[in-house]
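Hi there,

Here is the structure I promised to pass on. Have a look, and then read my notes below.

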Amino acid sequence: MSGHRRQPSIELLELMGVVRENGNEQMSLPPLIQYNPLSYDYVLVAKTREHMDREAIKKQIEFIEELKKKNFKVTKILDDDLVFFGMQAPVEVFEKYRYLLKVSDACNWSSDQNNVPLSTRIRVVHFILNHTPISSGEGLRELMKMKVFEARFCLHEKKKQRELTESWARWTACFQGQPITAVRNYFGEKVALYYLWLGWYTYMLITPALIGVIVFLYGIAFFNTSPLIKEVCDVDLVMCPLCDKRCKVWLLSDTCTYAKVSLLFDNNGTVLFAMVMAVWATLFLEFWKRHRTSFVCEWKVSDWCEEEEELILEIVNDVNCKPKKFKHSYFRSTLVLICVTIMILVIIGLTHALVVFRVIVAVQLAEGSWEFMSTHSNSVAMMLGAVLHYLIITVMTRVNRIVAMKLCEIEKTRSFAATERSFTVKMFTFQFFTYFSSLFYVAFFLGRINGHPGHYVRIASKWRLEEVSKHATTPFFFGVSIFHLHITVFHPSIHPSIQCHPSGCLTDLFIQMAIIMVLKQTISNVFEFTGPWFGKWLKRKRTHKLQRKCAHCYLKEESQAKHGAALCDNCKLRDWLNNYRLNDVDSFSLFKEFLEMVIQFSFTTIFVAAFPLAPLLALINNIIEIRLDAIKMVTLERRMVPKKTNDIGVWINLLEAIGVLAVIANGLVIGVSSDFIPRLVYRYRYGPCVNSTATDIDCMVGYINNTLSIATMDNPEIRKEFSPHQMETPNGMNVLSCSYKDYRDSEDYNLTPQFWLILAVRFAFVILFEHIVVICKFITAWFVPAAPMRVKNDSLFDKFKRLKEELRSFEESQR
């Protein structure tokens with residue numbers, strides 16, 4: 001059979017260090033009839049009767065009796081104020097399950113036909129427990145909410161837990177491959193495919209990380225020799241005031257550092273890098289499909305169907321059950337669509353309402369009597385906006401989950417699998433807009449709606465949109481900025497309304513990306529590890545220590561002793577209590593890990609043109625993330641219920657959608673947000689090299705001055721806008737004109753022909769960029785087959801051999 005032959009793609013993964021397998025690492029499983037009572041399928045925990053009311057006790061007894069009617073063996077052990085119920089399902093349950101797998105349409109090739117490992121037992125028992133109602137119609141989930149039971153969990157297997165800890169769940173294994181098949185045998189295919197995907201994603205990040213570093217170094221070399229930096233740093237251009245009343249004119253040279261940072265990330269190298277990342281996203285997904293196919297073929301779950309497995313489990317639980325019909329309601333679908341749209345608009349509205357809040361607060365503080373607040377009004381307003389936005393995002397993250405669950409209830413999905421897919425799409429959509437609405441604002445709207453001298457855009461015709469402060473490098477602003485970064489580590493959505501600097505508009509987008517990729521990931525990982533560790537320590541402190549396992553039971557457990565041998569009650573309680581002290585897990589635990597990584601994938605691809613170091617930071621984070629999740633899952637959390645699957649589910653569709661969005665967003669970032677197109681137009685249309693044979697001059701000389709327009713006090717609108725006090729320079733001189741970034745005529749302030757030419761070239765570039773990259777993506781997807789031919793052929797011959805064996809058995813039975 002093909003299962004005994006190693007797939008070339010798996011061997012390639014081993015060679016690259018993504019996984020670490022040992023031949024066909026299928027567990028040597030005992031036949032089903034060798035029923036071992038040392039392993040309990042499930043444990044329920046409740047308070048003792050002294051701590052429960054009469055109604056709860058009645059429901060608890062009734063639920064246990066319902067399980068006993070299904071021939072479950074229930075072992076009850078009392079602790080101080082807790083009572084543990086150990087569950088063991090009868091052999092008949094798994095015989096039915098195995099038989100139904102064999103005769104099913106899609107699951108009949110499952111490897112569980114001949115053996116039922118503990119991971120499968122746990123999955124079957126977990127389903128039965130959740131679908132065993134009492135007379136009042138309440139199931140285990142409802143009983144948990146009513147505190148009839150305090151906790152429920154499946155037990156860790158000590159021996160295999162130690163093996164996984166030594167080979168995988170430790171920090172010293174950061175640069176080693178993962179024992180994916182061992183993880184699958186213990187946690188199930190769903191968890192194994194998550195780690196396989198994360199390992200492949202991490203490995204594939206190596207190439208873009210190296211290219212990103214090269215682009216970054218190119219940027220350093222570029223701005224050190226750029227005439228644009230000299231124009232900003234050496235020319236004393238007087239710039240217009242950045243706010244009403246209190247702001248004065250300022251010198252462009254004061255923002256020399258800002259200009260250097262802008263050109264560091266806004267250069268010609270980012271264009272090529274954005275195209276490379278768009279094609280990389282396609283390559284990553286296509287090669288992932290190939291490697292996934294290799295493993296699911298190796299595990300014999302290629303044709304497995306989640307909905308059919310759920311139907312089998314329903315019949316095993318209750319042979320008289322009725323199948324749930326497929327239903328579709330256009331009314332419900334329309335209602336859900338409307339609710340999703342409203343929710344997205346609310347998220348965007350809350351995010352951008354902070355712009356209005358900060359503008360109003362900045363003006364009120366500036367006009368106040370407190371000199372300190374008046375001087376630093378923009379910084380204080382930014383800090384207050386950051387605190388408010390953090391609170392909004394914290395609340396909205398919880399609201400998003402509640403709304404997504406309610407919308408799933410409105411849909412009335414047929415099965416848990418369908419509910420999970422629907423919830424994933426909705427929750428990801430809400431979180432995506434929660435995280436990215438501000439980044440899209442920074443990338444495409446920030447500094448483009450401020451207006452110009454004499455016609456500034458104002459809120460309610462009163463408050464002018466704030467702009468970047470010329471004091472951005474002062475110690476106070478730096479201190480407030482650090483606080484700002486600290487407040488916003490959990491999401492990127494705090495943003496000032498800043499007019500673009502003459503050297504470019506990408507700096508603010510880069511700052512937001514740096515906050516996300518450095519601080520958010522670092523602090524999230526710290527909390528992700530210390531939270532479960534502290535929870536485990538706290539539970540250990542609250543419960544008394546039991547004596548060590550007796551020698552007799554220790555030998556039994558280590559040797560997996562003879563049929564009928566069992567641990568004593570004290571040793572059972574010791575193991576159950578140790579598992580109870582661990583942190584709880586639920587059906588959302590793996591979802592949270594996937595959501596975190598897919599959001600990171602979005603940051604790494606969608607705005608990579610503004611931050612080429614994003615793949616490098618993602619690579620470093622993921623190397624840590626794999627071991628962090630492994631340690632947490634193996635040693636700090638209760639054992640997750642093993643679930644069978646043959647794919648990462650709807651996440652693959654979301655990743656493909658992100659790949660398409662990355663093409664569009666990066667094209668717009670380069671074409672609209674960056675100064676790549678204006679510089680290109682200047683070089684070949686307005687620069688000193690046009691129609692000139694001069695070779696001793698840089699073609700970009702004069703670009704900064706070309707992007708600036710002049711406002712003079714001769715114009716009555718300008719005199720109304722700026723007071724004489726505001727036109728006083730830092731050295732005490734009064735000026736009659738000032739400059740601002742725009743392409744406008746100095747006489748009538750209309751847009752110049754150069755503005756319209758640049759706009760036309762911008763749109764042409766975006767269309768050309770997106771078409772070229774999309775064509776490259778399609779060619780790449782066509783060129784790389786979704787499954788290796790060896791895998792397809794092995795699967796074909798495997799099925800062919802099994803069908804012949806079935807025919808031979810049939811012919812023998814007819815004789």
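Which helix does F783 lie in? F783 belongs to helix α28, residues 753-783 (helices are DSSP runs of H or I with at least four residues, strands are runs of E with at least two, and both are numbered from the N terminus).

Before going on, please note that this is a predicted model, where local features need pLDDT of at least 70 and side-chain atom pairs count only at pLDDT 80 or more, while totals for chains, interfaces and linings use all residues. Residues are numbered from 1 along each chain as its sequence is written, and side-chain values use heavy atoms, leaving out hydrogens and water.

F783 is exposed, at 62% relative accessible area (exposed means over 50%, buried under 20%, partly exposed in between, with a 1.4 Å probe and protein chains only).

Next, L661, which sits in helix α24 (residues 651-673). Its relative accessibility is 26%, so L661 counts as partly exposed. Leaving aside residues up to four places away in sequence, L661 touches F432, F440 and I606 (contact means heavy atoms within 4.5 Å). L661 and A278 are 383 residues apart in sequence, yet their C-alpha atoms are 9.4 Å apart in space.

Finally, two lysines for you to check. Most residues other than glycine have a negative phi. K147, in the loop between α5 (140-145) and β4 (151-153), has a positive phi near 65°. K300 also has a positive phi, near 65°, and is found in the loop between α12 (268-298) and α13 (306-317). K300 is buried, with a relative accessible area of 15%.

Best wishes
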